[in-house]
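Let's take a walk through this model, strand by strand and contact by contact. Have the sequence and the 3D view open as you read.

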Amino acid sequence: QLQIAESGGGLVQRGGSLRLSCAVTGDRLSYYATGWFRQVPGKNREGVSCIASNGDTRNYVDSGKGRFIISRDDAKNTVYLEINDLKPDDAAVYSCAVAIRALVCSDRDVFYDYWGQGTQVTVSS
């Protein structure tokens, strides 16, 4: 059983940066694919980025290319999502998820088995 805890969200000015953390206990993150998703009220959850077991990364948001950087610290069993040059459209609840049935990435939320509670990102203009 994996336990996931996200942190790092908050209120940031437009153009600022945040680093979200996804700390996992219960097993080694390096065994699995870990994804970041985001959701705003009234909209479907959107895949943002993913890091596979072998360290390959994927970004799924066109507006995030070059601004969203996913990484993993195996010693801390934590995945990070760095968001730079924040825009109002980036405001959402960001959630981390782990897929234990596969090693590769997907932007589909049904692919993932364990989810954190999410962390709110708010962007002020």
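Predicted model: local features only at pLDDT ≥ 70, side-chain atom pairs only at ≥ 80, totals over all residues.

## The four-stranded sheet

Start with the open sheet, where four strands line up in the order E1-E3-E8-E7 and pair antiparallel. Which strands stand at the edges? Those are E1 (3–7) and E7 (68–73). Each of them has a single partner strand, so one side of each is left without a neighbour in the sheet. On average, neighbouring strands here are turned by 15° against each other, direction ignored.

Now zoom in on E8, which spans residues 78–83. Six bridges join E8 to E7, with the two strands running antiparallel. E3 also pairs with E8 in the antiparallel sense, again over six bridges. How enclosed is E8? Five of its six residues are buried, so E8 is largely enclosed by the rest of the structure.

## Who sits across from whom

E7 and E8 form a hairpin with four residues between the strands. Take a look at asparagine 77 in that hairpin: it takes a positive phi near 55°.

## Serine 21, a buried spot in E3

Strand E3 covers residues 18–25, and serine 21 is part of it. Is serine 21 buried or exposed? Its relative accessibility is 14%, and with the cut-off for buried set at under 20%, serine 21 counts as buried.

What does serine 21 touch? Leaving aside residues up to four places away in sequence, its contacts are Ala5, Glu6, Ser7, Trp36, Thr78, Val79 and Tyr80. Tyr80 comes up again in another setting: the charged end of arginine 19 sits over the ring of tyrosine 80, 4.0 Å from its centre.

## Two disulfides

How many disulfides are there? The count comes to two. A disulfide is a covalent bond between the sulfur atoms of two cysteines. One of them joins cysteine 22 to cysteine 96, with the sulfurs 1.9 Å apart. This link is left-handed, at -65° about the S-S bond. Cysteine 22 lies in strand E3 and cysteine 96 in strand E9 (residues 92–99), so the pair ties together parts that are 74 residues apart in sequence. Both cysteine 22 and cysteine 96 are buried.

There is also a disulfide between cysteine 50 and cysteine 105, with an S to S distance of 2.0 Å. That link is left-handed as well, with -85° about the S-S bond. It connects distant parts of the chain, 55 residues apart: cysteine 50 is in strand E5 (residues 46–51), while cysteine 105 is in the loop between E9 and strand E10 (114–115). Cysteine 50 and cysteine 105 are both buried. Count the bonded cysteines along the chain and the pattern reads 1-3, 2-4.

## The aromatic residues

On to the rings: the structure holds five aromatic pairs. One of them brings together phenylalanine 37 and tryptophan 115, whose ring centres are 4.9 Å apart with planes at 55°, so the pair is tilted. Phenylalanine 37 lies in strand E4 (residues 33–39) and tryptophan 115 in strand E10, so the pair ties together parts that are 78 residues apart in sequence. Phenylalanine 37 is buried, with a relative accessible area of 1%, whereas tryptophan 115 is partly exposed at 25%.

Tryptophan 115 also pairs with tyrosine 112, edge-to-face this time, with 6.2 Å centre to centre and 70° between the planes. Tyrosine 112 counts as buried, at 5% relative accessibility. Which residues make up the aromatic cluster? Phe37, Phe111, Tyr112 and Trp115 form one.

The charged end of arginine 45 sits over the ring of tryptophan 115, 3.8 Å from its centre.

Terms used: Residues numbered from 1 in each chain as written. Heavy atoms only, no water. Buried < 20%, exposed > 50% of the residue type's maximum accessible area, 1.4 Å probe, protein only. Contact = heavy atoms within 4.5 Å. Pairing = 2+ DSSP bridges. Axes fitted to C-alpha atoms, helices over the stretch in contact; angles between N-to-C directions. Disulfide = S-S within 2.5 Å. Phe/Tyr/Trp six-rings, centres within 6.5 Å; stacked < 30°, edge-to-face > 60°. Lys NZ or Arg CZ within 6 Å of the ring centre and 35° of its normal.
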